[in-house]
Amino acid sequence: MQIYLPIAEVSVNAFLLLGLGGMVGILSGMFGVGGGFLMTPLLFFIGIPPAVAVATEANQIVASSFSGVLAHFRRRTVDIKMGLVLQAGGLLGAALGVVVFNYLKALGQVDLLVKLCYVVFLGVVGGLMFVESLNAIRKSKTSAGAAPAPRRQRGWVHALPFKMRFRTSGLYISVIPPLLVGVVVGILAAIMGVGGGFIMVPAMIYILGMPTKVVVGTSLFQIILVTAFTTMLHATTNYTVDIVLAVLLLVGGVIGAQIGTRIGVYLKAEQLRILLALMVIVVCVKLGLDLLLMPSELYSLGSDGGH
């Protein structure tokens, strides 16, 4: 069933889009990531222009994250205060990111930048996650009966000023690190069309020292407002949000997120992370090969008459 996407100006199978939305929604529910870092490259692969994929995917993340966060609110695993601090940084980062995106779009370099950003980020994040997950699995096998090592409580984060108490996370830390994490994630949301969960979740655990059980819900809570703001900026400045594409991805994503949240309960955290790491690496390799093996423009239609 082919459907024409007016802004992307391509025809795509509607069921393929529903399936992609569902698959990424499942990941969103399982891992607490918006899923954009996988969805956006998948949209490139089926022929959606990168600028449209980025802006529309930010829109789809809003819904799948909202669907996922509802389940976490019911379990009381969302640190709202921390989420609001992260959102403040995220909104600032998103505004900066859209300015950069528009500048590069005017230069005609945005498609290349988006794809290069993906290759670099997915390669680094996938590699680090894979190594970390293998180590975690190895440790859990060798020390099956041993108590888990206590997390180092005091670090550079605790030495910074402007401290605030986050009761749900049981933390008393400076607001500067969460604000900075938020800014970075906001910039990524604008340029790459990602919720930033794949950076946000490790940063919340390893930098901010948040307990794992509240990380996923708080990450999704933060992602909602930042990606909604990003979508609005892209829609009003770039006109690259394709509503038809967004709706199809949304429907799949919302259903998938509810399924994913249920599946996540049955799998071990290490198994989940290694699965996610492998998927990230596969997408990174495919994107890298596309950039290397095929010229992005086999012919160009320019004001010089084209050639």
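## Hairpins, helices and cores in a predicted model

Strands S1 and S2 make a hairpin, with 4 residues between them. In its turn, Glu9 has a positive phi of about 60°. The model is a predicted one. S1 covers residues 2-5 and S2 covers residues 10-13. The two pair in the antiparallel sense over 4 bridges. Tyr4 has Ser11 of S2 as its bridge partner.

A hairpin is also formed by S3 and S4, again with 4 residues between the strands. Here the turn residue with a positive phi is Gly170, at about 65°. S3 and S4 run antiparallel and are joined by 4 bridges. Arg165 stands opposite Tyr172 of S4.

| Hairpin | Strand residues | Bridges | Turn residue and phi |
|---|---|---|---|
| S1 and S2 | 2-5 and 10-13 | 4 bridges | Glu9, about 60° |
| S3 and S4 | 163-166 and 171-174 | 4 bridges | Gly170, about 65° |

**Overall make-up**

The protein holds 11 helices and 4 strands. It has 307 residues, of which 49% count as buried. Take the contacts between residues at least 6 apart in sequence: 78% of them join residues at least 24 apart.

**Confidence**

The average pLDDT of the protein is 76, and 85% of the residues score at least 70. Among its elements, helix H4 (residues 80-107) has the highest mean pLDDT, 86. Helix H6 (residues 156-159) has the lowest, 64. Over residues 146-152 the pLDDT is below 50. That stretch has 5 contacts in the model beyond near neighbours in sequence. Residues 299-307 also have a pLDDT below 50, with 4 such contacts. Where pLDDT is low, the predicted coordinates should not be read in detail.

**Nonpolar cores**

Which residues have the most contacts inside the largest nonpolar core? They are Leu17, Leu43, Ile48, Tyr118 and Leu122, in a core of 44 residues. Several helices each supply at least two residues of this core, including H1 (14-31), H2 (36-45), H3 (50-74), H5 (110-142) and H11 (269-293).

Leaving aside neighbours within four places in sequence, Ile48 is in contact with Leu5, Ala8, Val10, Val12, Leu43, Ala53 and Leu245. A second, separate core has 18 residues, among them Leu86, Phe166, Ile173 and Met210.

**Helix H5**

H5 has 33 residues. From first C-alpha to last, H5 reaches 48 Å, close to the 48 Å expected at 1.5 Å a residue. Its buried residues include Val110, Val114, Cys117, Tyr118, Leu122 and Val125. Gly126, Met129, Ser133 and Ala136 of H5 are buried too.

Leu134 is also found in H5.

**Annotated transmembrane regions**

An unreviewed UniProt entry annotates "transmembrane region" over residues 12-31, 84-106, 112-131, 171-199, 205-229, 241-260 and 272-293. Two of these spans can be set beside the model. Residues 12-31 are 90% helix and 10% strand, with end C-alpha atoms 28 Å apart. Residues 272-293 are 100% helix and 0% strand, and their end C-alpha atoms lie 32 Å apart.

Methods: Residues numbered from 1 in each chain as written. Predicted model: local features only at pLDDT ≥ 70, side-chain atom pairs only at ≥ 80, totals over all residues. Heavy atoms only, no water. Pairing = 2+ DSSP bridges. pLDDT = per-residue confidence, 0-100. Contact = heavy atoms within 4.5 Å. Core = buried A, V, L, I, M, F, W, Y, C linked by side-chain atoms within 4.5 Å. Buried < 20%, exposed > 50% of the residue type's maximum accessible area, 1.4 Å probe, protein only. UniProt positions renumbered as here; feature names shortened; annotations may be inferred. Expected span 1.5 Å × (residues − 1).
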